[in-house]
Amino acid sequence: MAKNEALYEAVLKGKRKDVAEIVQQEIDGGTNVESILMDSMVPAMAEIGDRFSRNEAYVPEMLIAARAMQAGLDLLDPLLQEAGHEPIGKVAIGTVKGDLHDIGKNLCAMMLKGAGFEVMDLGVDCDVDKYKEAVENGAKVVLLSALLTTTMPYMKEVVKGLAGSGAKILIGGAPVTQEYADEIGADGYSDDANTCVKATKIALGIAA
Amino acid sequence: MAIKINFDGKMVVLENDGKSSVMELARKAGWHIDAKCGGRGSCASCNVLLGEGCYRVFTETIEVMPEQRREVLSCQTYVIGDCAEIFLPRSSVISFAGARIADEMDIPEHHFNPKFKTGFGVAVDIGTTTVVAALIDLQSGKIMSRESLYNQQILKADDVVSRISLCSIEGNLEALQELVIEHTLNPLIHKLCDGTGTDKNDIVHVTLSGNTVMMHIFFGVSPETIGVIPFKPVSNSFSSTARELKIDVNPDARIEDVPSISGYVGGDITSDLHVSNLWKRDGLTLLIDIGTNGEMVASLNGEMTACATAAGPAFEGAGLLHGARAASRAIDTVKYDRNLDFELTVIGDPSPMGLCGSAIIDFIADGFKCGLINAFGRYDVDLLKEKDRYENVKGMHACMLVAAELSATGESITVTEHDIAEILKAKAAIYSGLKTLLTELGKTVHEIDHIILAGGFAKHIDIKNAITIGLLPDVPIEKYEVIGNGSLAGAALALLDQSTKQAYLDIIHKPKVITLNKTAHFTSYFQEALAIPNLEEEDFPSVII
Ligand code: B12
Ligand code: FES
């Protein structure tokens, strides 16, 4: 299938109900599920991401689009798994212990999925063991999110806990900075969901 | 040779002590740099310009040549050697002048039955940003005088969580306690006494109302447990003596607080509930404090449910390019149509330096109505250009409200799309919090009978505009009621009628406090509320026509 313009626009404009409707029509019409995702929805999220990095879209718009994207993914996910969709890498993401903010983390997870990664979402309030378990289950990159200045120091514990495991650690969230990442010895940092995808690719050596 | 610090045409010369950051040096020179994140290097509110000299910025050593300027975070910068020149931009220096503080209060009818029948009492509202105190004659019940001051803790950090974080470092709890008592409350008491000819030794009772974190720090108890799950306070109520806390009144005076409801729903809200009699009203009534913590309580025929929504400080101007606190030189109202001829009012001094929260709400509301700003908070760039209002600021589209030559800073005053996005996040937190509360009660916004707005900010906003941007629910304006400083009134009632204390201890167990993350709807409501006024258009029939 070529790009479904209506679907692309609906994701871009954050029209959740329209996205769900069109995706369902496409599925019912027998369109290849991978193509629905890769030819219309992923390009729409990529466009939002690009606009974001050009300062032409901001977090509210991105969240609204992501929410529409999710409505489509909910329908596609089970079918994609059946179809044996091949991810470009396996990563894990979670909000650190003591912190329950997950809107930014979910947005990052969504952009990563959109870019073709298999994403293990560890949820919120994650302790070191939870991240370790994810690495044992094959995560090559572990992404930590923290929104509170009181929970940010826990990232240091996770970096210590995962030392020697071979997994790369990326950190992010509103109070986190590059300097902080350097200070605690994390492998990378980025300030938004779009650059998060780039940072993940760099960590895995699939992009320069 | 020495370190020269420049601000507003004045220069102060200091010696380098080798251990003070540039931020601390500026303080020594008498200027208070805004430290929104508490000096952690993550907020950029403390920017300064470096002139000739050698410096360490984070871990890097830099040298600035004569005639050159480098912009850096002052909290992360140290002078190397003893020759340097530093320029403080107006936007980084906290001005205490002309602050607009809610010091009016309406004390409801009550029995006059004070615990101490002679002498004086002081009622205090301890806000995160401002502290207001009232001197009361306990024999007659008369309010003698009121005074207010910024809570000097803002010199260390802006919001409550940053202050909690500071307390995890040795010595900071004591430092914060000293800032609020020695540097804020005691000067207020001196002013009250001087102004009325009262002997401070005659003050025998002091009552305080404020959020839970403020109360912990005031009484010297670390609030650290409120910073992490499950956000439990050490205690809901504290008391002590003036001697113990070094408050400059009669040393035996009793110091008591208004008890708090939970870690993020504090004694200030207990006061508001008592003063507004929320749970004694019929039907569905909401009480909202539009502030950094966004506390709100819904009462359905007397059954109360509460939450805090963490809107953040955007409405206080924080995080906005030309945001300002509601003090002298802040633009406080804006009005315009498609011609983009902005009608502005400014607090105090006529030449403005930025916009405070009420003006930003007006700006977005009128912009949305005339089509300058779309539902996602983006500008009609062509219109901006056509009307000569367009500026590109650091790659962002911006609307110029005041030209450089008319502003106090010598820079034009603009609103960027990023600023609008920050306000949208804050208003989304408030609106989605209240919608979640209603959903928990099985109600919709259209079933609200009454809305009570508490807190200093509410007095100064245009409620219609707040509805237009989707901050407040779209119900007829007659259903809104704005109460003055309920927190101060609550503290005063505790002085005037000794049975109030028991009433407070009863109230704090009444609301069921809900944790928004654990509800099924919050995240979805938050995302819908990021649009102007909301993606759920049925919620705003009078705005979407
Ligand atoms: C929504 C919100 C909530 C919701 C959370 C709902 C949820 N499911 O997440 C609720 C109401 C429940 C909540 C609760 C609390 N909150 Co809150 N909350 C916010 C708010 C309004 C928006 C946060 C948000 O979602 N932003 C949008 C997302 C998209 O942005 P983001 O998270 O920053 O993510 C972006 C980047 O940071 C990055 N990123 C994020 N994670 C990662 C990870 C990696 C690896 C990478 C590379 C990048 C990356 O990419 C994202 C997209 O670009 C902010 C204030 C504000 N205006 O920003 C406060 C805020 C974060 N909360 C705050 C506070 C204090 C709390 C509470 C402790 C207290 C309270 N009053 O309720 C509780 C604590 C709950 C807990 N333990 O976590 C404070 C934190 C202050 C501080 N100094 O730490 C803030 C800043 C508000 C304030 N100033 O008072 N909150
Ligand atoms: S960066 Fe926040 S105070 Fe310096």
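**Patch, cavities and pocket**

Mentor: A:Asp129 sits in helix 6 of chain A (helices, H or I, have at least four residues and strands, E, at least two, as DSSP runs numbered from the N terminus). This is a predicted model: local features need pLDDT of at least 70, side-chain atom pairs count only at pLDDT 80 or more, and totals for chains, interfaces and linings use all residues. Residues are numbered from 1 along each chain as its sequence is written, chains are lettered from A and ligands numbered from 1 in the order written, and side-chain values use heavy atoms, without hydrogens and water.

Trainee: Which residues form the negative surface patch?

Mentor: A:Asp125, A:Asp127, A:Asp129, A:Glu133 and A:Glu136. Patch residues have over 30% relative accessible area and no salt bridge, with like charges joined within 9 Å. Helix 6 (residues 128–136) of chain A gives the most, three residues.

Trainee: How many cavities of 30 Å³ or more does the structure hold?

Mentor: Rolling a probe the size of a water molecule over the atoms shows where empty space is left. In a cavity, a 1.4 Å probe fits on a 1 Å grid but cannot get out. Here there are five of 30 Å³ or more.

Trainee: What volume does the second largest pocket have?

Mentor: A pocket is an open set with protein on both sides within 12 Å along at least five of seven lines; lining residues have an atom within 4 Å of a point. This one holds about 890 Å³. Of its 31 lining residues, those closest to the centre are A:Glu183, B:Gly39, B:Arg40, B:Cys75 and B:Gln76. Helix 8 of chain A gives the largest share, four residues.

How values were computed:
Patches are made of residues with over 30% relative accessible area and no salt bridge: like charges are joined within 9 Å, nonpolar side chains (Val, Leu, Ile, Met, Phe, Trp, Tyr) within 5 Å. Accessible areas come from the Shrake-Rupley method with a 1.4 Å probe; for residues, only the protein chains shown count as cover. A salt bridge is a side-chain nitrogen of Lys or Arg within 4 Å of a carboxyl oxygen of Asp or Glu. Lys and Arg count as positive and Asp and Glu as negative; His and the chain ends are not counted. The place of a charge is taken as NZ of Lys, CZ of Arg, CG of Asp or CD of Glu. Grid points are joined across faces, edges and corners, and a volume is the space filled by probe spheres set on the points.
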